[in-house]
Amino acid sequence: MAAVLRCLMDCWLNLIGEIHRKFGIGGHCDPSDPNSGVFRRVVFPETDQAEWLNKIIQQLWPFIGDFMGDILKQHVEPKVKEAVMSSFTFSKVDMGTKPLRVDGVRVYNIRQGEIYMDLDINYDGDADIDVGLLVSNAAGIKHIKLSGTLRVVLKPLLSAAPLVGGVSFFFITNPNLDFDLTNLANIMDIPMFNSKLHAIIQGQLSNLLVFPKRMEYIIGEGTKFSKLRCPRPQGVLAIHVKEAKELRDADGIGISDPYAQVKVGDQTFLTATLENKKDAKWDQKFDALVDLAEECLEVRVMDHDTVGSDDLLGTATVQISRVIEAGKVEEWFPLEGVDQGSINLALQWFYLANDASMLQKEGECRRCLLMVSVDSAKGLLKPDQKPEDVSPVVSLSFMEQEFTSTEAAAAPEPSWQEDFRFLVTCAGEQKLTLKVKDSKEDIAYGTAEIDIKDLIGAPDMVLDQSYPLVTEIEGITPELKMKLVLRVLTPDTDPRWLADSFH
């Protein structure tokens, strides 16, 4: 084990050193420099040949193979059991000796204290996987091919070893995946087994590693998962779904019951359903938080059916980076996948400003983004209680928006390290309501109210402190440690806002 750890540490230090040597990343970021923002990226160079990185992967491949085997056993196998056959197992997972390759790497100097790398990965190896069904080794999986762009985020940068506090990685879009099933004669009586297995593996890959899903690992001591799990949003996309025209006749009667499904990342919005229309006028507005400029806005126009599944009337896709560049985009977008129809969208990009003076202009109602990082609690236990006696969660309520955290693991001071985000209209007089309660029993350990005016008046509109909770339980003095950040939505750009990092 000591030899393995030394190998991993040597590879890690070689990787960081190579990044610093080849790309000059990690120095001071001047907020006054117009090229130092989130969206004007500094790339060193466009695509670098990554043989240095492939040498590192070669050394790590046995461990990466074990990691991939765990994913298949823990995440894919249960889904196949549920959807195809309860006796399904991966009886052998051998990822072979031929590792995946990185064909190119791009390194971005996006924000001070962070490194972003896009790796063009390609796997066409010699993996040998046996599948057990009614009998052991009934089939095999071979000739696995995988290609896509994997983004690796290293942050925060540290001044001492291991130089980076944590690493997270994800595919920006769905990677290309293909494989062959061998010994198919043994399973020909299972309908559509091949296609179902492909769909399940692709689906689980998306659920684990396709943005906004990601994997995160802490490397440096003291680094919090919240810094990796909920990154600073790059901005807000205002979406105005105006109308659609000449929609396809899905029901064969010349009209449809159209509605639009709007999707950005893991956020989905729905317009109203309009009955008996060939042309639809919705005139509805939505706001979507954008964590990744490479994301796409996808609008699916659907025909609502009272019996059976809804019919697709067409899809429109818009690159968000295009809206960021232009500031505003308004046009008719042809519906893809059908032979007629178009939809009218008005899109506008909003940056996040840490300028409280924007909220003090009389007569203006500015929209804001409120971000709440729930860290930990203390004082929940009575003297005769043990940590496992409580199952605490935190509920947050702001105007009509409500969120509840996951249940914290048993500990004297339970920790969540979860982030929540609220869009605010006319910030000023509102209050954020908090409640720490038990997830299994009807017990409230304490509540608190935080005045948004206090946050507006705080330096940089940030409050990072412990809040005493009002409780009706005798013998406890509960407190909740949190960080609150308020940012103003603005169509204007400023290098100071783009360099702003509030984690």
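The model is predicted, so local features are given only where pLDDT is at least 70 and side-chain atom pairs only at pLDDT 80 or more, while totals for chains, interfaces and linings use all residues. Residues are numbered from 1 along each chain as its sequence is written, and side-chain values use heavy atoms, with hydrogens and water left out.

The protein chain holds 7 helices and 24 strands; helices (H or I, at least four residues) and strands (E, at least two) are DSSP runs, numbered from the N terminus. Of its 503 residues, 48% are buried, where buried means under 20% relative accessible area, exposed over 50%, and partly exposed in between, with a 1.4 Å probe and protein chains only. The accessible surface of the chain is about 24,500 Å², and carbon and sulfur atoms contribute 50% of this area; such areas come from the Shrake-Rupley method with a 1.4 Å probe, and for residues only the protein chains shown count as cover. Among contacts with a separation of 6 or more, 66% involve residues 24 or more positions apart, a contact being heavy atoms within 4.5 Å.

Helix H2 covers residues 51-83 and spans only 41 Å between its end C-alpha atoms, whereas a straight helix of 33 residues would span 48 Å at 1.5 Å a residue. The expected span is 1.5 Å times one less than the number of residues. At Leu60, shortly before the proline Pro62, H2 has a kink of about 60 degrees. This bend is the angle between axes fitted to the seven residues ending at a position and the seven starting there.

Strand E24, residues 479-490, is mostly covered, with 10 of its 12 residues buried. Two strands pair if DSSP finds at least two bridges between them. E24 pairs in the antiparallel sense with E17 (residues 367-378) over 10 bridges, and in that pairing Met371 has Val485 as its partner in E24. Strand E16 (residues 342-353) runs antiparallel to E24 with 3 bridges; Leu352 is the bridge partner of Leu489.

Two residues deserve a separate look for their backbone angles. Most residues other than glycine have a negative phi. His143, not a glycine, has a positive phi of about 55 degrees; this residue is found in strand E5 (residues 139-154) and is partly exposed at 47% relative accessibility. Gln417, also not a glycine, has a positive phi of about 50 degrees. Gln417 lies in strand E20 (residues 415-425) and is buried, with a relative accessible area of 18%.
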